[in-house]
Amino acid sequence: MDHTPPVSVVTVERHIAAPRDRVWEVLTDLHGMPATLSGVTHVEVLTEGPFQAGSRWIETRRMFGKEATEEMWVTACQAPSHYVVEAESRGTHYVSEFTVRETGPGETLVRMAFSARPPGGLGGLFVRLLGGLGRRAVAKAVERDLADVAVAAERRPA
């Protein structure tokens, strides 16, 4: 019998009226993240240099009415089309996978799949978080982030 906790996944897509390279720049600008994402209040970049596998930062964001601070790291990166960010919190392993695909001249589709593997047993926060209303709240937060990215990318000069 498999005792591995289930993985919960929320996937959101957003069409952005900007070229893929510009969208990629906005998505991977760690220093500019607090100015771009309305849910992020602070970012401390731990690794300097280009955004790549191994990049690490500490991010503080407001979620569900409270601030949460987590260390995040990039585990895969194929610029300008795909990257994966991971984090651990209270025994739950989080993975955010971004795919950036040009769909036409000056048009880009961003897909973010957010998943979590909670610790064993019913104590996993994410099991409760992604059930019913929690799942919709997480999807809304991801939608808000991608809407913020769209505004920044569409306004950024070429």
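This is a predicted model: local features need pLDDT of at least 70, side-chain atom pairs count only at pLDDT 80 or more; totals for chains, interfaces and linings use all residues.
## Buried charges

A residue counts as buried when its relative accessible area is under 20%. Asp145 has a relative accessibility of 13%, so this residue is buried.

Which residue does the side chain of Asp145 meet in a salt bridge? The partner is Arg61, with 3.0 Å between N and O. This pair joins distant parts of the chain, since Asp145 sits in helix 4 (residues 133-155) and Arg61 in strand 3 (residues 56-63), 84 residues apart. Arg61 has a relative accessible area of 13%, and therefore is buried as well.

Is Glu59 buried or exposed? Its relative accessibility is 7%, so Glu59 counts as buried. Taken together, Glu59, Arg61 and Asp145 are linked in a network of salt bridges.

## A partly exposed pair

The structure has four salt bridges in total, and another of them brings together the side chains of Arg111 and Glu13, at 3.9 Å from N to O. Because the cut-off for a salt bridge is 4 Å, this pair still counts. It too links distant parts of the chain: Arg111 belongs to strand 7 (residues 107-117) and Glu13 to strand 1 (residues 8-16), 98 residues apart.

How accessible are these two side chains? Arg111 is partly exposed, at a relative accessible area of 35%, and Glu13 is partly exposed too, at 49% relative accessibility.

Now to the aromatic residues, where the structure holds six aromatic pairs. One of them joins Tyr83 and Phe98: the ring centres are 4.6 Å apart and the planes lie at 15°, so the pair is stacked. Tyr83 is in strand 5 (residues 82-89) and Phe98 in strand 6 (residues 92-104), and the two are 15 residues apart. Both of these residues, Tyr83 and Phe98, are buried.

A further stacked pair is formed by Tyr94 and Phe114, because their ring centres are 5.8 Å apart with the planes at 25°. Tyr94 lies in strand 6 and Phe114 in strand 7, so this pair ties together parts that are 20 residues apart in sequence. Tyr94 and Phe114 are both buried.

## An aromatic cluster

Notes
Residues are numbered from 1 along each chain as its sequence is written. Side-chain values use heavy atoms; hydrogens and water are left out. Helices (H or I, at least four residues) and strands (E, at least two) are DSSP runs, numbered from the N terminus. Buried means under 20% relative accessible area, exposed over 50%, partly exposed in between (1.4 Å probe, protein chains only). Rings of Phe, Tyr and Trp (its six-membered ring) pair if their centres lie within 6.5 Å; planes under 30 degrees apart count as stacked, over 60 as edge-to-face and the rest as tilted.
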